[in-house]
Amino acid sequence: MSFAAAFESYRDKEKRVEKWVELFLTAVPEQKRGVLLDCGCGVGRFSVPLASSFEMVIGIDIDETMLSIARKRTNDVQWIHGNICCTPLNNDSVDVVLASMLIEHLKSFRSFQKEIFRLIKPAGILLMRTMLPEDIAATTWYQFSETAYKMECSRTHDLAWIVQNMAEYGFVLERNNSVMNVKEYFYNTNVVEKLSSKCYEIIHHLEEKEYQRMLTNAKKWEMENHMPECMSSSLLVFTQEKKTND
């Protein structure tokens, strides 16, 4: 199974998508629902349902295999194969930027900031979904491998760091509901099968021996626990309050 296919089969669950789409829309007033840019759009699981709520939705991803799946879903989204840190879009052309589980994959957070600052309109909104350190600690999968846990932590930023760096480009957290921690619980979801499909990106970086150890621990957890699987992440809602040419 390819990573794109596995990503689609596991992550693109209807109820999960609906839940997140509702959260995204709650954070964006109707008068701001002009052009939305979905950064790292993948197979379009958010771009597609959001298209009906915005005047225009643009999805950009560096993975052409992901986009090939997205293109088959709809023509209502403008799909771009490219790097989010260097887009072909005009200055001040986007009302809302969505970056869901993206920043932990970036080679340069600074380059991402600069490009988003260039693209977003004054008073635009940035929806940043990510895993803060406390989210990693609460997510079931990382109980199975200390190596995977440490790897994920190494590429994750804490809230204070994100807020400080975004403030340099005039992005500030919304005063109300600015940080939404979302814990999703899944019963009887066959964690071992999910891990076996290698659909979670961090698993690709594990050595085979450590990966097999992770599977063994997951099997043991499934046999001994009757608790639901937990996946935790946080949605940060930023507003661009200071747009200058300096």
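Colleague: Where does Lys243 lie, and with which residues is Lys243 in contact, leaving aside its neighbours within four places in sequence?

Modeller: Lys243 lies in the segment after β8, where helices (DSSP runs of H or I, at least four residues) and strands (runs of E, at least two) are numbered from the N terminus. This is a predicted model, in which local features need pLDDT of at least 70 and side-chain atom pairs count only at pLDDT 80 or more, whereas totals for chains, interfaces and linings use all residues. Residues are numbered from 1 along each chain as its sequence is written, and side-chain values use heavy atoms, with hydrogens and water left out. Contact means heavy atoms within 4.5 Å, and on that basis Lys243 meets Asp92, Phe117, Arg118, Ile120 and Pro122. Asp92 is 151 residues from Lys243 in sequence, yet their C-alpha atoms are 9.7 Å apart in space.

Colleague: Is Lys243 buried, exposed or partly exposed?

Modeller: Buried means under 20% relative accessible area, exposed over 50%, and partly exposed in between (1.4 Å probe, protein chains only). Lys243, at 25%, is partly exposed.

Colleague: How should I read burial along a helix, and which residues of α8 are buried?

Modeller: An α-helix has 3.6 residues a turn, so residues three or four places apart point the same way. In α8, Ile162, Asn165 and Met166 are buried, and they cover an arc (of the directions from the helix axis to the C-beta atoms) of only 95°, which puts them on the same side of α8. Ala160 and Gln164, on the other side, are exposed. The buried residues of α8 pack against α5, β5, β6 (171-173) and β8.

Colleague: Which residues touch the most other members of the largest nonpolar core?

Modeller: A nonpolar core is a set of buried Ala, Val, Leu, Ile, Met, Phe, Trp, Tyr and Cys residues joined through side-chain atoms within 4.5 Å. The largest has 29 residues, of which Leu37, Ile84, Phe112, Met128 and Phe171 touch the most other members. Its largest share, 5 residues, comes from α5. Among the contacts of Phe171, beyond four places in sequence, are Ile116, Leu126, Met166 and Phe238.

Colleague: In what sense do β2 and β3 pair, and how does the chain cross between them?

Modeller: Two strands pair if DSSP finds at least two bridges between them. Strands β2 (residues 56-61) and β3 (residues 77-81) pair in the parallel sense over 5 bridges, with Ile58 opposite Gln78. The chain runs from β2 through α4 to β3 as a right-handed β-α-β crossover, that is, clockwise from the first strand over the helix to the second with the strands pointing away from the viewer.
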